[in-house]
Amino acid sequence: MTIGTAAQAVSAADGCELCSTPGGEVLWSDRRLRVVRVDDPDYPGFLRVIWQGHVREMTDLDRAHRACLIEAVFAAERAVIELLRPHKVNLASLGNMTPHLHWHVIPRFRGDPHFPDPVWAARRGGSPVRLPMAVADYGRGVAASIAAALSTTD
Ligand SMILES: [Zn+2]
């Protein structure tokens, strides 16, 4: 697999996981980005905002697209806060293994399996997070927030 600026031409057949799979349950998408709910039994509210194209860094996007992506991230954060009332929302852009710029939006709770460490650290105990609503309702709430936030962007 080729990764880098020449990766625009990488297709699903070339092994790009985020071109060949959605990377989670798609809650909202357009030609620019998609918002998925990550399949993580410990963190059922875990979202990712994934840029559809092969772009590695925020500063590789032009200003309009950068604004679009970060507005989607902020809308996802706001939806998580309003729907789940977490202790904190963790936002992270790591993406060392994929050419798709993406943001993790992770609702955190005291007593979750990794609290207060990052979710990528060793488990500390705690209990899996439980959504206070049906998962489908959570997805609809997130989707509505994203749609509203991006309705004013091109
Ligand atoms: Zn890809």
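Two strands count as paired if DSSP finds at least two bridges between them. Keep that rule at hand for the strand stops below.

**Before you start**

This is a predicted model: local features need pLDDT of at least 70, side-chain atom pairs count only at pLDDT 80 or more, and totals for chains, interfaces and linings use all residues. Residues are numbered from 1 along each chain as its sequence is written.

**Whole chain**

Show the chain as a cartoon. Three helices and five strands make it up. From the N terminus on, their order is α-β-β-β-α-β-β-α. Helices (H or I, at least four residues) and strands (E, at least two) are DSSP runs, numbered from the N terminus.

Now colour by burial. A residue is buried if 20 or more other C-beta atoms lie within 10 Å of its own, exposed if 12 or fewer, and partly exposed in between, with C-beta atoms placed from the backbone. Of the 154 residues, 31% count as buried.

Contacts come next. Two residues are in contact if their C-beta atoms, placed from the backbone, lie within 7 Å. Among contacts between residues at least 6 apart in sequence, 51% join residues at least 24 apart.

**Stop 1: strands S1, S2 and S3**

Select 25-29, 33-37 and 47-51, which are S1, S2 and S3. S1 and S2 pair in the antiparallel sense over four bridges. A hairpin of three residues joins S1 to S2. S2 also pairs with S3, again antiparallel, over five bridges.

Zoom in on valine 36. On the S3 side, the bridge partner of valine 36 is arginine 48.

Stay on S2. Is it mostly covered or mostly open? It is mostly covered: five of its five residues are buried. In a regular strand the side chains alternate between the two faces of the sheet. Look at each face of S2 in turn. Leu33, Val35 and Arg37 are buried on one side, and Arg34 and Val36 are buried on the other.

**Stop 2: the nonpolar core**

A nonpolar core is a set of buried Ala, Val, Leu, Ile, Met, Phe, Trp, Tyr and Cys residues joined through C-beta atoms within 7 Å. The largest one here has 31 residues. Which element gives the most? H2 does, with ten residues.

Centre on leucine 47. Not counting residues up to four places away in sequence, leucine 47 touches Val35, Val36, Arg37, Val38, Ala76, Val80, Val105 and Val142.

**Stop 3: helix H2**

Select 63-84, helix H2. H2 has 22 residues and reaches 31 Å from its first C-alpha to its last, close to the 32 Å expected at 1.5 Å a residue. The expected span of a helix is 1.5 Å times one less than its number of residues. Buried residues of H2 include Cys68, Leu69, Ala72, Val73, Ala76, Val80 and Leu84. Their cover includes S2, S3, S4, S5 and H3.

Step on to arginine 85. Arginine 85 sits in the loop between H2 and strand S4 (88-92). Its phi is near 50°, a positive value in a residue other than glycine. Arginine 85 counts as exposed because it has 10 C-beta neighbours inside 10 Å.

**Stop 4: a cis peptide bond**

Go to proline 116, in the loop between S5 and H3. The peptide bond from phenylalanine 115 to proline 116 is cis, with omega near 0°. Most residues other than glycine have a negative phi, and most peptide bonds are trans.

**Stop 5: helix H3**

Finish with residues 135-150. This helix, H3, has 16 residues and reaches 23 Å from its first C-alpha to its last, close to the 22 Å expected. Tyr138, Gly139, Val142, Ser145 and Ile146 are its buried residues. They cover an arc of only 130° around the axis, which puts them on the same side of H3. That arc is taken from the directions from the helix axis to the C-beta atoms. These buried residues pack against S1, S2, S3 and H2.

Alanine 148 counts as exposed because it has 12 C-beta neighbours inside 10 Å.
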